[in-house]
Amino acid sequence: MTQVHNPATEAATSTPAAAPDDATTTSAAATPEAPAINVEWLGEYLLGKWAKARKESRALMTNPELHQVNGLSMADHRERVLSQMSILVDNGAIQRAFPSELGGGDDHGGNIAAFEEVVLADPSLQIKSGVQWGLFGAAVLHLGTKEHHDKWLPDIMNLTTPGAFAMTEIGHGSDVASIATTATYDPDADEFVINTPFRAAWKDYLGNAALHGKAATVFAQLITKDVNHGVHAFYVPLRDDNGFLPGISGEDDGLKGGLNGIDNGRLAFDHVRVPRVNLLNRYGNVDENGDYSSEIDSPGRRFFTMLGTLVQGRVSLDGAAVLASKLALTIAIKYGSERRQFTASSNTNEEVILDYQRHQRRLLPRLAQTYAMSFAHEEFLDKFDGVFSGRTDSEADRQDLETIAAALKPLSTWAALDTLQEAREACGGSGFMAENRLTQMRADMDVYVTFEGDNNVLLQLVAKRLLTDYSRKFAGADVGAMAQYVADQVSDAAVHRTGLRRFAQNVVDFGSTARSIGYVRDTDSQRQLLTDRVETMVADVAGKLRSASKLPQAEAAALFNSHQNQLIMTAYAHAELLQWEAFTRALEKIEDKDTAKVMTWLRDLFGFTLIEKNLAWYLMHGRISTNRAQAITDYIDDRLLPRLRPQALDLVAAFGLTDELVRAPIASGAEAVRQNEARDYYAGRRASGEEPVHEKDLKKKKRR
């Protein structure tokens with residue numbers, strides 16, 4: 001391994017004329033200093049629209065009473081987290097999203113922003129809080145009416161009534177529309193009868209179900225007058241001081257791979273009766289005669305509208321995953337800037353491991369990805385707040401919000417696991433120690449990829465939306481128009497009409513890496529490469545599935561299934577484009593030139609890493625040549641990583657995670673103290689002549 005030098009000292013002979021942001025001086029002595037980020041401004045910028053709520057939440061999360069304690073038994077961890085929730089209530093941390101007439105703040109965006117920060121204290125606390133106020137309470141708020149709000153929300157808000165969100169059934173998982181629990185209306189008693197018909201219909205993985213929950217919002221098939229009107233939610237009491245109420249049974253899920261501060265469990269209902277008014281009836285009602293009514297005539301649209309009101313869970317998981325990635329990179333980059341290992345042949349000092357190219361390759365692209373996720377999340381959160389505040393609450397806005405949620409939550413939660421693991425390995429054995437938080441954080445974050453919607457299922461929803469938009473685009477188009485579009489996708493025409501015809505050269509290319517990259521480095525060119533891939537993938541899979549509407553149902557399902565992986569990969573590419581576009585829009589608001597320059601390099605690293613990851617696709621589809629493909633990799637290694645290496649500490653400092661929030665000894669400066677002590681020790685021995693001569697040095701002298 002060789003030491004990586006500051007990019008400001010690169011020789012001008014390696015600098016292309018086509019690269020305007022490269023150094024153009026003729027000697028290292030005349031090279032200007034590396035740009036300096038305005039860390040304070042960037043930190044405020046990253047906090048986004050709800051900076052005040054985030055700061056207030058972070059200040060509260062420095063309280064040691066809220067911090068995760070390693071080594072607790074499952075029982076002790078559960079009780080600690082329950083007591084911590086009372087601290088949140090007492091400090092006004094959970095009221096933001098609830099109605100002002102009940103003591104809330106009617107602040108949906110600020111509520112989610114503050115809630116995401118709880119992951120820094122203990123992910124178990126965040127998720128148990130999310131169950132109580134973001135699922136159980138939110139179901140009453142968004143699916144119920146004022147009568148329900150006045151009756152139940154005050155006790156939900158102050159934790160008098162801990163509750164569960166009883167939707168998931170082990171037999172159907174993400175297929176909520178097919179759950180088997182029934183709620184049958186009995187007009188003689190004016191009651192609904194909640195029933196679990198078989199074992200696979202038990203509600204499972206429910207937070208607060210094993211021990212603490214006194215009530216639940218139970219999702220069941222609403223049946224009245226022998227008609228099934230689909231899934232609706234009901235408020236169902238679970239326990240009193242003596243345990244489960246009659247007809248209700250449950251089990252403890254027991255020890256999990258993470259999040260063991262949450263009492264997850266299973267619930268079953270044996271003909272449990274609840275008053276008719278316990279139906280959360282904002283979108284569907286049953287009167288005393290058993291007649292069903294709804295303002296939404298379509299059962300399918302009604303179902304998705306009800307589930308759409310609960311999208312905030314995916315919003316908060318996306319934000320929490322971004323924070324987990326920021327935490328992991330703060331730890332790993334701080335440690336990598338202090339930990340020394342191996343020496344250059346002419347140097348007695350060991351090298352800082354972040355100066356090694358491979359270490360930069362492991363961490364800096366993930367840093368760029370985390371910035372992209374952060375900017376995308378802030379736009380996502382603003383969209384959420386607009387819909388839930390009523391500011392931009394149209395059918396189209398809600399559909400867009402659901403699609404964005406289904407796109408971003410998978411990418412950020414997968415990225416968090418990947419980043420936590422890479423950070424752990426980058427910190428060596430120190431990263432494996434529980435006190436440095438990376439292993440426990442990864443274990444706790446693991447389930448984020450499958451709850452609030454399995455990531456692959458969510459991406460399938462995104463793909464269906466892309467296909468729907470594609471079909472609308474060509475609704476009414478004649479055969480000639482469609483044929484021309486398809487022809488464009490398999491020829492150079494798609495490239496030529498954009499003015500970026502240099503993408504398509506297949507034989508001749510510039511030998512210089514710098515000059516080759518100059519044609520694809522600018523913003524418009526990156527956008528074209530990333531967008532063209534998404535559009536081509538959508539058109540390709542749409543063409544393969546076009547006959548499905550004319551086939552019998554079984555054959556259509558088989559055709560869809562045979563292209564399921566392609567659909568999901570298309571949605572993944574679309575979500576990556578959303579993140580890149582958010583990063584690019586964020587650059588437009590940066591006025592400080594040095595900060596803008598560094599952030600542009602970081603955006604370029606993100607964009608080129610996406611392209612590099614999918615080089616096989618770009619090569620097979622003739623979008624770039626083999627020489628240019630190699631140039632992209634070389635540009636990452638030879639230009640972007642060296643430029644960003646001196647900025648790494650400032651870039652994680654802008655995350656604003658103080659030592660009280662990080663709580664990892666290896667990121668506290670302790671490693672630098674140890675390394676300096678070791679260097680001083682050996683320097684002193686060499687100066688005093690006490691250091692013995694190494695055998696290798698003696699042999700070198702003899703050879704001379």
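Welcome to a predicted model, in which local features need pLDDT of at least 70, side-chain atom pairs count only at pLDDT 80 or more, and totals for chains, interfaces and linings use all residues. Residues are numbered from 1 along each chain as its sequence is written, and side-chain values use heavy atoms, with hydrogens and water left out.

**The protein as a whole**

- The protein holds 26 helices and 15 strands; these are DSSP runs numbered from the N terminus, with helices being H or I of at least four residues and strands E of at least two.
- Of its 704 residues, 53% count as buried (buried means under 20% relative accessible area, exposed over 50%, partly exposed in between, with a 1.4 Å probe and protein chains only).
- The accessible surface comes to about 30400 Å², and 52% of that belongs to carbon and sulfur atoms; such areas come from the Shrake-Rupley method with a 1.4 Å probe, and for residues only the protein chains shown count as cover.
- Among contacts with a separation of 6 or more, 74% are between residues 24 or more positions apart, where contact means heavy atoms within 4.5 Å.

**Aromatic rings**

- A search of the whole structure turns up 17 aromatic pairs. Rings of Phe, Tyr and Trp (its six-membered ring) pair if their centres lie within 6.5 Å; planes under 30 degrees apart count as stacked, over 60 as edge-to-face and the rest as tilted.
- One of these pairs joins tyrosine 185 and phenylalanine 192, which are tilted at 5.3 Å centre to centre with 55 degrees between the planes. Tyrosine 185 is buried at a relative accessible area of 6%, and phenylalanine 192 is buried at 0%.
- Phenylalanine 375 and phenylalanine 583 also form a tilted pair, 5.3 Å centre to centre and 50 degrees between the planes. Phenylalanine 375 lies in helix α9 (residues 357-389) and phenylalanine 583 in helix α19 (residues 564-587), so this pair ties together parts that are 208 residues apart in sequence.
- Phenylalanine 375 is buried, with a relative accessible area of 7%, and phenylalanine 583 is buried at 0%.
- One aromatic cluster is formed by Trp41, Tyr45, Tyr371, Phe375, Phe583 and Phe655.

**Charges over rings**

- The charged end of arginine 199 sits over the ring of tryptophan 202, 4.1 Å from its centre. For this, NZ of Lys or CZ of Arg must be within 6 Å of the ring centre and within 35 degrees of the ring normal.
- Arginine 398 lies over the face of phenylalanine 388, 5.4 Å from the ring centre.

**An open sheet**

- Three strands make an open antiparallel sheet in the order β4-β10-β9; two strands pair if DSSP finds at least two bridges between them.
- Its edge strands, β4 (203-206) and β9 (248-252), each pair on one side only.
- β4 pairs with strand β10 (residues 265-269) over 2 bridges, and leucine 206 stands opposite glycine 265 in β10.

**Two residues to look up**

- Histidine 563 lies in the loop between α18 (553-562) and α19, and is buried at 16% relative accessibility. Leaving aside neighbours within four places in sequence, histidine 563 is in contact with Val541, Lys544 and Leu545.
- Leucine 605 has its place in helix α20 (residues 593-613) and is buried at 0% relative accessibility.
- Not counting residues up to four places away in sequence, leucine 605 touches several residues, including Leu364, Pro365, Ala368 and Leu644. Leucine 605 and leucine 644 are 39 residues apart in sequence and 9.3 Å apart in space, C-alpha to C-alpha.
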